[in-house]
Amino acid sequence: MCNLYSMTSNPQAIRDIAKVLEDRTGNLQPLPEIYPNTMAPIVRNGENGRELVMARWGMPTPPGYLKGHKVDRGVTNIRNPGSAWWKRWEGVAHRCLVPLTAFSEPERLPDGKSRPVWFVRNDGEQLAFFAGIWCRWTSVRKLADGETTDDLFGFLTTEANREVGAIHPKAMPVILTQPDELDVWMRAPVAEALRLQKSLSDGMLACVDPPKPLE
């Protein structure tokens with residue numbers, strides 16, 4: 001379950017590869033550590049074409065899981081997009097591309113602790129995209145802030161490939177690397193788009209040192 005990733009690419013590369021027509025992020029800075037419930041860039045379909053915006057990581061939690069909780073910290077990873085809860089956001093109006101340069105999975109150590117293991121593309125390219133969904137939702141994300149209305153996002157997961165499975169065998173994010181895949185996810189009918197919910201081929205990822213924090 002991916003709960004930490006990095007986006008340190010040049011914003012122009014995001015705009016070029018994802019065919020963004022409008023950038024609403026302002027001065028987008030590198031984000032070496034993106035955690036759940038924090039803001040990150042996504043590409044979504046806007047009225048005038050694809051737009052790059054900031055959104056909060058974590059889709060609304062199904063109500064049954066919120067009983068007894070005052071705060072909804074969101075669902076970051078979505079395994080079954082065809083379920084009753086997620087199905088409302090499966091259309092092109094709610095699909096998004098989530099740019100990344102690295103993502104992390106937790107490795108369980110012999111002493112019971114865990115450490116993050118980072119993965120990047122192994123083909124010489126830096127930028128990739130999670131296949132995501134987004135929505136606008138009113139909830140309490142942080143108790144101190146009270147009820148707020150936010151643009152929220154999460155991304156799909158699937159079976160782990162060889163590299164990720166060695167660390168986290170249960171699942172990995174759905175990662176898109178080819179321009180035609182980006183177009184299918186953003187424009188195609190549901191059945192065609194969901195055929196992209198598959199793992200990257202073995203050998204497509206490499207383990208690396210953690211991204212360096214900004215000074």
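**View 1. V43 finds its bridge partner in β7 at L97.** In this predicted model, local features need pLDDT of at least 70 and side-chain atom pairs count only at pLDDT 80 or more, while totals for chains, interfaces and linings use all residues. Residues are numbered from 1 along each chain as its sequence is written, and side-chain values use heavy atoms, with hydrogens and water left out. Strand β4 (residues 39-46) and β7 run antiparallel and are joined by 2 bridges, where two strands are taken to pair if DSSP finds at least two bridges between them. Strands here are DSSP runs (E, at least two residues) and helices likewise (H or I, at least four), numbered from the N terminus.

**View 2. Strand β7 also pairs with strand β10 (residues 128-142).** The pairing is antiparallel and extends over 6 bridges, and within β10 the bridge partner of L97 is A131.

**View 3. Strand β7 (residues 95-100) is mostly covered, with 6 of its 6 residues buried.** Buried means under 20% relative accessible area, exposed over 50% and partly exposed in between, computed with a 1.4 Å probe on protein chains only. In a regular strand the side chains alternate between the two faces of the sheet. In β7, R95, L97 and P99 point one way, whereas C96, V98 and L100 point the other way, and all are buried.

**View 4. There are 13 aromatic pairs in the model, among them W57 with F155.** Rings of Phe, Tyr and Trp (its six-membered ring) pair if their centres lie within 6.5 Å, and planes under 30 degrees apart count as stacked, over 60 as edge-to-face and the rest as tilted. W57 and F155 are stacked, at 5.5 Å centre to centre with 25° between the planes. Because W57 lies in strand β5 (residues 49-57) and F155 in strand β11 (residues 146-158), the pair ties together parts that are 98 residues apart in sequence. W57 counts as buried at 0% relative accessibility, and F155 is buried with a relative accessible area of 0%.

**View 5. F103 and F130 form an edge-to-face aromatic pair, 6.3 Å centre to centre and with 75° between the planes.** This pair links distant parts of the chain, F103 in strand β8 (residues 102-108) and F130 in strand β10, 27 residues apart. F103 counts as buried at 1% relative accessibility, and F130 does so at 0%. One aromatic cluster is formed by Y5, W57, F103, F119, F130, F153 and F155.
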